[in-house]
Amino acid sequence: MSIVVTGATGSLGRLVIEELLNRVPAERVTAVVRDGAKAADLAARGVEVRVADYDDPASLARAFRAGDRVLLISGSEVGRRVPQHTAVIKAAEAAGVAQLAYTGILGGPEADFDLAAEHKATEQAILDSGLPHTFLRNGWYHENYTAQLPGVLAHGTVVGSAGEGRIASAARADYAAAAATVLTGDGHLNRVYELSGDTAWGLAEYAAEVARQSGKEVAYASVTADEHLAILTGAGVPEGFAAILVDVDAAIARGRLAGTSGDLARLIGRPTTPLAAAVTAALA
């Protein structure tokens, strides 16, 4: 039996692999990747590498074994994820895996914004498969914001249309640790975890924290949805994806990403990483 991570060379996947290697021998860990060359460092550490593509069902048929515990990390290609994920689910079902964990989105069926639709469809497909499953409904990552710090510092502005909405984000590494916990421990089958940070914050607070740590003037510019869309497309963001980002801010304004269930901290056995620590790391 292997612990199998799909999308293992992605930002989240690599962190999950590292967490697993801290908990179990390398020979128990398998990385499923599109490009084997990108996983050469993992292979050198004793991780088994299986090459498969979400868009290639034949390759996925070779990716899993009976009894494997599998983490399906959601694909990055918005609009294509339902057929991609369905192909993985079917391959896992045919192989007879012992667990299929999935990185969905905070709120599950209650998430009423566009980005959640593919996650909800994937969860339903997993339920329909009858596979033993674990739903890891990830909230927002700190890195969704801190990755944009160069632009924020250049312009002195955090732009958003979320109003005074709050975000209970956590570090990507926190979510990786939670995934490793459910893949290596017992008692997680057919369970749902609503994962988010311990503390929710608003964009004005984020701007103030960036200003405090950077020593530069940074403010939150609260704009309308139409203004936000125009700013994003003007900066070169494709219109379709820009519309999704604006829709997410509307969801934040409605409180959809503010939930603090405590599930994440309980799974990882410690408090979640504070936003301030993520800002510090990004500015280093």
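## An aromatic cluster

Y145, W201 and Y206 are linked into a cluster by ring pairs. Rings of Phe, Tyr and Trp (its six-membered ring) pair if their centres lie within 6.5 Å. Planes under 30 degrees apart count as stacked, over 60 as edge-to-face, and the rest as tilted.

This is a predicted model, in which local features need pLDDT of at least 70, side-chain atom pairs count only at pLDDT 80 or more, and totals for chains, interfaces and linings use all residues. Residues are numbered from 1 along each chain as its sequence is written, and side-chain values use heavy atoms, with hydrogens and water left out.

## Ring pairs in detail

The ring rule gives 4 aromatic pairs. One of them joins Y141 and Y175: the ring centres are 5.0 Å apart and the planes meet at 50°, so this pair is tilted. The pair links distant parts of the chain, 34 residues apart. Y141 sits in the loop between β6 (133-138) and α6 (143-146), while Y175 belongs to helix α8 (residues 172-184).

Are Y141 and Y175 buried or exposed? Buried means under 20% relative accessible area, exposed over 50%, and partly exposed in between (1.4 Å probe, protein chains only). Y141 has 15% relative accessibility, so Y141 counts as buried. Y175 has 2% and is also buried.

W201 and Y206 form another tilted pair, with 5.6 Å from centre to centre and 40° between the planes. W201 is buried at 5% relative accessible area. Y206 is buried too, at 1%.

## The overall fold

The chain holds 13 helices and 11 strands. These are DSSP runs, numbered from the N terminus: helices are H or I with at least four residues, strands E with at least two.

How does the chain compare with a compact globule? For 284 residues, such a globule would have a radius of gyration near 19 Å; the chain has 19 Å, which agrees. The radius is taken over C-alpha atoms, and the globule rule is 2.2 Å times the number of residues to the power 0.38. Along the principal axes, the C-alpha atoms fill a box of roughly 55 × 35 × 35 Å.

## Contacts and burial

Of the 284 residues, 50% count as buried. Contact means heavy atoms within 4.5 Å. Among contacts between residues at least 6 apart in sequence, 76% join residues at least 24 apart.
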